[in-house]
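Visitor: Please walk me through some helices and loops here. Show me the model to begin with.

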Amino acid sequence: ASFSAISGTLCTGLPDSAMNNSFARFLLKDKHREAARYLLFAKTCEPAVNQGDPWSAPVRDNALMADLYKEGETLYGKTKNKYIRDRYAFQLVRLQHYSRQYAEAAALFDKLFGRKERTSLVYYKSLALKAGALLHLEDSVQSAYLFSRVFEKAPSLRISCFTSLMWTNTSPEEVYTLCRNNHEKAVVAAIFGLANSAPDVTAIRETYALDPASPALNILLAREMNKVEDTYVSTYLAEGQSTGGLIGLRDYSPGDSSKMTIQVKALQALTDSVIAAGKLEDKDFWQVSSAYLSYILKDFRGAKVRLNAVAAKDPQVRDQWEIGNLLVNINGQKTIDSAFESQLLASFKWLDAKTPEGGHRDGWWRLPDEQYYFRKIYRNLLFAVLAPRYHAQGDEIKEALIRSRCDSLHINDYFVSGETAVEQVQDDMKSGELLRLYSFLHQPVKTPYESYLAGFFPQSLNMDRIIGESYMRVHDFRTARDWCRKVPVNE
């Protein structure tokens, strides 16, 4: 239906189903009629400029879009509210863009919005359409520059603008020629740096040189550390190997180890030099990051020195500090004894506060980002650091308890799962180990740390049956019979 037909609703009142809708009643007021007209027009435009099936080539009804353009042009001229006029302008630019009238769309943007940059989202959505039109017109450098402006100013459009800017096939140096100042150049340098999937500190160096206050620097640093983790840490976790210590730093081949060390040291050297220059907006974040890089290099003393220099007040940076400090303390501890376990318990309870129970019931993929993040940290700490440490100490009971707590987090995603407590107890532990575990679970006196972990031991495991089965494996059928008699008939 045309907008003219639909707009009759404004004059005839509301249907019964909308009578109690406060927003609908709001739009019926005379002073809000322009907003109501625009919403009806926008709703009519939407099917013409969107593609229902993303896997099919778009089919455009140019005749319909031409009619809508004429109608929108008329409404734009009749509208007094400047904010609503900008929205009509956006619709008009969009209709011309998707009608493949790219030169007209770019010119219309300049006519309706002018040359002066604004701050509204609708302005940047319109500017992105102009940038896309220029790309179709093969003005790739101007297109890339405009996409970089939208990328900086409109966070909700960053993914599409990043992708579109990469399609321009330009270089940072080409785009710099259009930038008005070093701040804009820093944005361009950062975008091209984000496109580089290989470990490389160039983007951080160039962005910092152009604009030491650029918020993109934190993202670039985090991304470089993610590359190190993805290359070395993730491989270790996915293979499920246990070295009895540091997440991700197994004994690599000499070539791999040398390459990793060079990359991490280069990143840390740049990080420390930037901190020393004293121009950063988020010095604490960079100090904690440098400490983590020391940790990756197994320089626990250097990591501790860097952590002790941090006086962060920002809650998120403090959280990163706590995680780094925990990892350094665990890996700097030669033996996990009862005194150190009491410290671990305090850390576990801190992590518990970050990972409230019940959030996993609809699946780990539905968790809020922060809870998912901390659950993964907790999971990796338990199965990749602490469980191997207890295994190396010959303490299979604590190893099983650690794996039990790990399993209770329900975060065994596609990335890595690790051996579960059930698998360890049923498949790996021998009769003597199982008897010690049985005795531990039934002893009335436990330390607070032990009681905490024992509370997560899987209730589904019938230790009588498992111990009986372990004796059957070694053909001690008499002892196996005694244990199996304890198992209820219905199990």
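Guide: Helices here are DSSP runs of H or I, at least four residues, numbered from the N terminus. The model is predicted.

Visitor: Between which helices does N169 lie?

Guide: N169 has a phi near 55°, a positive value in a residue other than glycine. N169 is exposed, with a relative accessible area of 67%. Its loop runs between α10 (158-167) and α11 (172-176).

Visitor: What is the relative accessible area of H475?

Guide: H475 lies in the loop between α25 and α26 (477-484). H475 is not a glycine, yet its phi is positive, about 65°. Exposed means over 50%. H475 is exposed, at 59%.

Visitor: Are α18 and α20 roughly parallel or roughly antiparallel?

Guide: Helix α18 (residues 315-332) and helix α20 (residues 369-392) pack with their axes 11 Å apart, at an angle of about 5°. Angles under 35 degrees count as roughly parallel. So α18 and α20 are roughly parallel.

Visitor: How many residues of the contact of α18 with α20 are nonpolar?

Guide: From α18 come residues including I323, L326 and L327. From α20 come others, among them F374, I377 and L381. The contact also holds 2 polar and 3 charged residues. The nonpolar ones number 10.

Visitor: Which helices do the buried residues of α23 pack against?

Guide: The 12 residues of α23 (residues 431-442) should span 16 Å, and the end C-alpha atoms are 17 Å apart, which agrees. In α23, S431, L434, L437 and F440 are buried. Residues three or four places apart on an α-helix point the same way. The partners are α21 (396-408), α22 (421-428), α24 (448-454) and α25 (463-473).

Technical notes: Residues numbered from 1 in each chain as written. Predicted model: local features only at pLDDT ≥ 70, side-chain atom pairs only at ≥ 80, totals over all residues. Heavy atoms only, no water. Axes fitted to C-alpha atoms, helices over the stretch in contact; angles between N-to-C directions. Helix = DSSP H or I, 4+ residues; strand = E, 2+ residues; numbered from the N terminus. Parallel < 35°, antiparallel > 145°, perpendicular 65-115°, else oblique. Contact = heavy atoms within 4.5 Å. Nonpolar A, V, L, I, M, F, W, Y, C, P; charged D, E, K, R; others polar. Expected span 1.5 Å × (residues − 1). Buried < 20%, exposed > 50% of the residue type's maximum accessible area, 1.4 Å probe, protein only.
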